[in-house]
Structure formats: C-alpha cells, structure tokens
Amino acid sequence: MDTFPHLQTERLVLREMQPRDAAGFFEIRSDPGSVKYTGVPLYTEMAQAEEYVSRVADGWKSGESYTWVLSWRAGTPAAGQEPLAVADIDPGLLLEEEPDAQGAADAGGEMLGSICLWNPSPDRSSYSIGYEMRPAFRGQGLMSEAVAAVERFAFWQLGLQRILADPRVENVASHKILTRAGYEQKGEKQEEDGMHTLLELSAPGNVGKPANALLWE
C-alpha cells in the first residue's frame with residue numbers, strides 16, 4: 001500500500017492523522033470519563049498527545065496499525081443539528097474507478113474522533129479494533145458508521161479473517177456499537193484494569209464489495 005487508505009461514509013471522512021489533531025486527542029484523553037474504560041493513561045500535557053500522534057501516524061506504512069481520524073464530510077449537518085439515524089445511511093459501494101475528489105478535498109477537517117486497527121497477529125490475518133470520540137460528537141451513530149467502513153476495508157482490502165475487540169465489561173456504549181456491528185462474544189478475560197469481554201467478527205464467507213464505505217487512494 002503506497003498511500004494512506006482514506007475512507008468515507010455518508011457523513012464522515014476517515015482521513016490520515018495530522019499533527020494538529022493532537023488537540024483533539026488531548027481533549028479526549030485528558031477527560032477522566034473518556035479514558036475510564038480504555039486503559040489509556042490520563043493525559044495532563046499536550047506533549048503527550050503530540051507524541052502519540054507522531055508515534056502512530058505512520059503505522060500504516062509497515063502494516064503495524066491503521067489509524068483514521070474522523071472528520072465531517074462536506075454537506076453533513078454540524079454537531080447539534082438533527083443527525084441521521086444509522087438505519088437511514090445509504091450503504092453505497094466501494095469505488096473502483098473515479099476517486100471522490102470532494103471527499104479527498106475534505107480530508108483535513110475537524111477531528112471528531114479516531115478509529116484504528118492495531119495489534120496484528122503474526123500472520124496479519126487478524127487485528128484488534130479500537131476507537132475514541134470527542135464527547136460533543138457522541139450519541140449520533142457516527143462511530144457505528146466508522147466501524148462499518150473500517151470493517152469492510154479490513155476484509156475487502158486487507159483480506160483479514162477476523163477483527164477482535166476486548167472492551168471492559170462495564171463499557172456498555174462500546175458493547176452496543178460492536179454487537180450492532182455483528183461481533184460475537186467469545187468469553188471474558190481478567191486484565192489489570194478489570195474484566196474484559198472478548199469479541200470477534202469473522203470475515204464473511206464470500207467477501208464482496210463493501211457497503212457503507214467509499215475508498216480512494
């Protein structure tokens with residue numbers, strides 16, 4: 001993969017991380033409520049967010065990780081306006097021919113949150129999924145939309161067999177996102193920060209063109 005795999009959905013552009021996104025990560029990770037169930041240490045200085053962005057932004061080049069920043073797609077209602085219901089999202093198809101020039105042009109917008117594939121298995125057949133959202137943009141179905149896009153990229157573009165997740169048992173919001181996306185519970189595991197639910201999404205038997213995701217390179 002020679003260029004970062006930007007994705008887009010009905011409302012979002014999932015773009016490459018930029019240095020200025022550190023402010024958004026700091027907002028999330030300096031909020032005790034946001035990191036309560038994540039195991040991420042509470043940030044107290046902007047330098048911590050800047051170091052994080054610098055460290056993970058290029059992970060896609062080696063395939064160690066893929067981290068997308070969520071931004072509004074042009075023409076999407078701003079936060080505070082009536083959001084689209086997840087059921088109303090036009091599924092769309094992955095574009096093979098013409099890239100979406102407007103989507104590419106929007107790939108520098110405000111950071112709403114992030115989503116990543118990380119912790120690959122030795123044979124790169126599975127990755128774990130993780131995500132975080134600034135408080136002001138929660139409750140609008142945006143992360144469910146992003147999860148669907150990343151899943152389809154993972155299975156259709158990377159050829160993964162499985163995507164894994166292990167949210168804390170108490171993290172009800174994350175469980176709802178994942179179970180709605182089709183993840184199945186495989187058990188529980190005790191970690192230093194508490195009990196985690198082990199969830200897994202397997203590749204469809206016949207992986208076709210993905211829905212809910214448009215991709216350009």
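Predicted model: local features only at pLDDT ≥ 70, side-chain atom pairs only at ≥ 80, totals over all residues.

Student: What makes Y66 and F153 an aromatic pair, and why is the pair called edge-to-face?

Tutor: The ring centres of Y66 and F153 are 5.9 Å apart, and because rings pair if their centres lie within 6.5 Å, the two count as a pair. Their planes stand at 65 degrees, and since the edge-to-face class takes angles over 60, that is the label they receive. This is one of eight aromatic pairs found in a search of the whole structure.

Student: Why is this pair said to tie together separate parts of the chain?

Tutor: Y66 belongs to strand β3 (residues 66-72) and F153 to helix α6 (residues 142-156), so the contact joins parts that are 87 residues apart in sequence. Both residues are buried, and both belong to a cluster that ring pairs build from F4, W60, Y66, W68, Y127 and F153.

Student: How do you know that the pair of W72 and F137 is edge-to-face?

Tutor: The planes of W72 and F137 meet at 80 degrees, with the ring centres 6.1 Å apart, so the pair is edge-to-face. W72 lies in strand β3 and F137 in the loop between β5 (126-133) and α6, 65 residues apart.

Student: What makes W72 and F137 buried?

Tutor: Buried means under 20% relative accessible area; W72 has 16% and F137 has 5%, so each of these residues meets the criterion.

Student: Why is the contact of E132 with R29 called a salt bridge?

Tutor: The N to O distance between the side chains of E132 and R29 is 2.8 Å, and because the cut-off is 4 Å, the contact qualifies. E132 sits in strand β5 and R29 in helix α1 (residues 22-29), 103 residues apart. E132, at 14% relative accessibility, counts as buried, as does R29 at 7%. R29 also lies over the face of Y52, at 4.0 Å from the ring centre.

Conventions: Residues numbered from 1 in each chain as written. Heavy atoms only, no water. Phe/Tyr/Trp six-rings, centres within 6.5 Å; stacked < 30°, edge-to-face > 60°. Helix = DSSP H or I, 4+ residues; strand = E, 2+ residues; numbered from the N terminus. Buried < 20%, exposed > 50% of the residue type's maximum accessible area, 1.4 Å probe, protein only. Lys NZ or Arg CZ within 6 Å of the ring centre and 35° of its normal.
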